[in-house]
Amino acid sequence: MAKLFTPGPVMVPRDVLASSASQVVSHRGPEFREILRHVTEGLARIFDTDGYVYVLTGSGTTAVDAMAWSMVAPGEKVLVPVLGEFSKRLAESLKRRGARVATLKAEPGDAPGPDAILGELESGDYDALALVHNETSTGLAYRWLRDVARKASGMGVKVLVDTVSGLGGEEFSMRWGVWAAASCSHKALAAPPGASFVAVSREAAEYLEKRGTPEQTPPLLDLSKYHAFLRDRGETPFTPPVTILYALRRAIDRVLEAGVDSYVEAHAARASLLYGELPRLGLTPLVRDARLRSNTVAAFETGARSALAVKKLLGERGYVVATGMGELKDRVVRIGVMGDLTMEDVKGLIDAMREVLRQPASSRESLTR
Ligand SMILES: Cc1ncc(COP(=O)(O)O)c(C=O)c1O
């Protein structure tokens with residue numbers, strides 16, 4: 001079977017997969033409440049929060065949209081540093097919510113520094129800062145998040161974080177001054193797709209309690225409802241993805257058994273192998289600043305070779321990777337190292353890449369460049 005080196009969904013360990021093959025229980029009964037308690041308490045340890053974690057049915061976008069639609073009121077001013085495609089989606093969700101969104105742009109593979117972000121926040125009377133922790137489209141980890149979040153929250157700005165492809169693969173803590181953060185089951189946590197979650201600080205939970213249900217927010221994205229159901233009944237307001245939560249429970253236990261830091265470190269080790277070896281084969285990391293290269297998704301410029309052709313040739317050898325997004329489509333390959341992958345698997349991919357790059361570009365490939 002082909003190995004998935006994609007930026008998610010990722011390959012799921014056998015025991016996690018097997019956990020989902022149990023009969024569905026009622027989400028209004030005690031067995032389900034126990035599962036949800038286990039999942040939310042485990043996630044709270046991974047998010048490193050003494051606040052709440054709400055579990056939603058849906059992909060990462062569901063959690064990001066719920067955060068945008070529940071934590072920002074129409075007319076509020078939000079700063080979004082644009083690191084790539086997922087930052088643009090975050091800005092778009094906030095705009096549709098009715099927020100006044102200002103962006104700080106950077107070239108693909110680069111990011112605005114903490115001074116640029118904090119300077120803009122200081123001068124601009126902002127209500128919130130929304131940013132992507134690990135920008136999957138360019139393989140950039142915003143490692144200044146801790147510093148920026150601390151200072152921004154100190155200014156009274158709500159810090160909203162998309163850590164869809166960061167949680168479990170990059171160091172992260174809600175205690176850095178993060179107001180709310182969104183993630184999902186099928187990236188570094190290595191469970192199947194179908195569940196997503198929003199972690200909120202105690203302050204943010206109080207905000208949800210006070211604010212109640214705003215009329216414009218679709219019920220599915222209204223975190224006030226998730227908060228009330230979790231607090232009062234230990235349940236979700238809508239049908240949860242029950243069998244995915246069986247798998248997620250096991251996936252979370254695996255992370256906690258390894259220890260969150262070691263689990264993050266294992267991603268860093270797999271990614272480092274790629275950053276060390278692939279430049280020797282002629283590929284260039286898209287993120288030039290080595291301090292910001294993601295542990296979970298490594299992006300490389302393919303130079304004279306078509307990224308689409310490289311992806312195809314790797315696929316024929318049993319390795320599934322992704323190409324760039326948007327304008328980077330044919331210029332960049334993105335290699336995810338999340339999920340059920342070993343160092344040996346990464347070495348296998350590097351060998352396959354060596355073989356692919358040794359082959360001269362076909363005339364068709366040259367024509368498409
Ligand atoms: C940073 C980031 N945000 C949001 C999303 C959207 O997640 P999904 O495709 O699960 O809806 C992704 C997906 O790759 C992502 O990487």
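**Entry 1: a helix pair**

I began with the residues where two helices meet: Phe-32, Ile-35, His-38, Val-39, Gly-42, Leu-43, Arg-45 and Ile-46 of α2 face Val-242, Leu-245, Leu-248, Arg-249, Ile-252, Asp-253, Val-255 and Leu-256 of α9. Sorted by class, the residues of this contact come to 11 nonpolar, two polar and three charged. A reminder to myself: the model is a predicted one.

Next I looked up the geometry. Packed helices are described by the angle between their axes and by the distance between those axes. Here α2 spans residues 30-47 and α9 spans residues 242-258; the angle is about 40 degrees, and the axes lie 9 Å apart. Angles under 35 degrees would count as roughly parallel and those from 65 to 115 as roughly perpendicular, so I noted α2 and α9 as oblique to each other. I also checked the hand of the crossing of α2 and α9, and it is left-handed.

**Entry 2: two backbone details**

I followed the chain out of α2 and stopped at Asp-48, which sits in the loop leading from α2 to β2 (52-57). Asp-48 is not a glycine, yet its phi is positive, near 55 degrees.

Then I went back towards the start of the chain. Which residues does a cis peptide bond join there? I found Gly-8 and Pro-9, with omega at about 0 degrees. Pro-9 belongs to the loop between β1 (3-4) and α1 (14-19).

**Entry 3: two domains**

I looked up how the protein chain is divided: domain 1 covers 14-257 and domain 2 covers 259-368. Their centres, taken over C-alpha atoms, are separated by 28 Å.

**Entry 4: a four-stranded sheet**

My last stop was an open sheet of four strands, which I read in the order β11-β12-β15-β14 with antiparallel pairing.

One pair I marked is Val-297 with its bridge partner Gly-336 in β15. Helix α11 (residues 307-316) packs on this sheet, where it touches β14 and β15. The direction of α11 makes about 40 degrees with that of β15.

Conventions
Residues numbered from 1 in each chain as written. Predicted model: local features only at pLDDT ≥ 70, side-chain atom pairs only at ≥ 80, totals over all residues. Axes fitted to C-alpha atoms, helices over the stretch in contact; angles between N-to-C directions. Parallel < 35°, antiparallel > 145°, perpendicular 65-115°, else oblique. Left-handed = near helix turned anticlockwise from the far one by under 90°. Contact = placed C-beta atoms within 7 Å. Nonpolar A, V, L, I, M, F, W, Y, C, P; charged D, E, K, R; others polar. Domains from an automatic or database assignment. Pairing = 2+ DSSP bridges.
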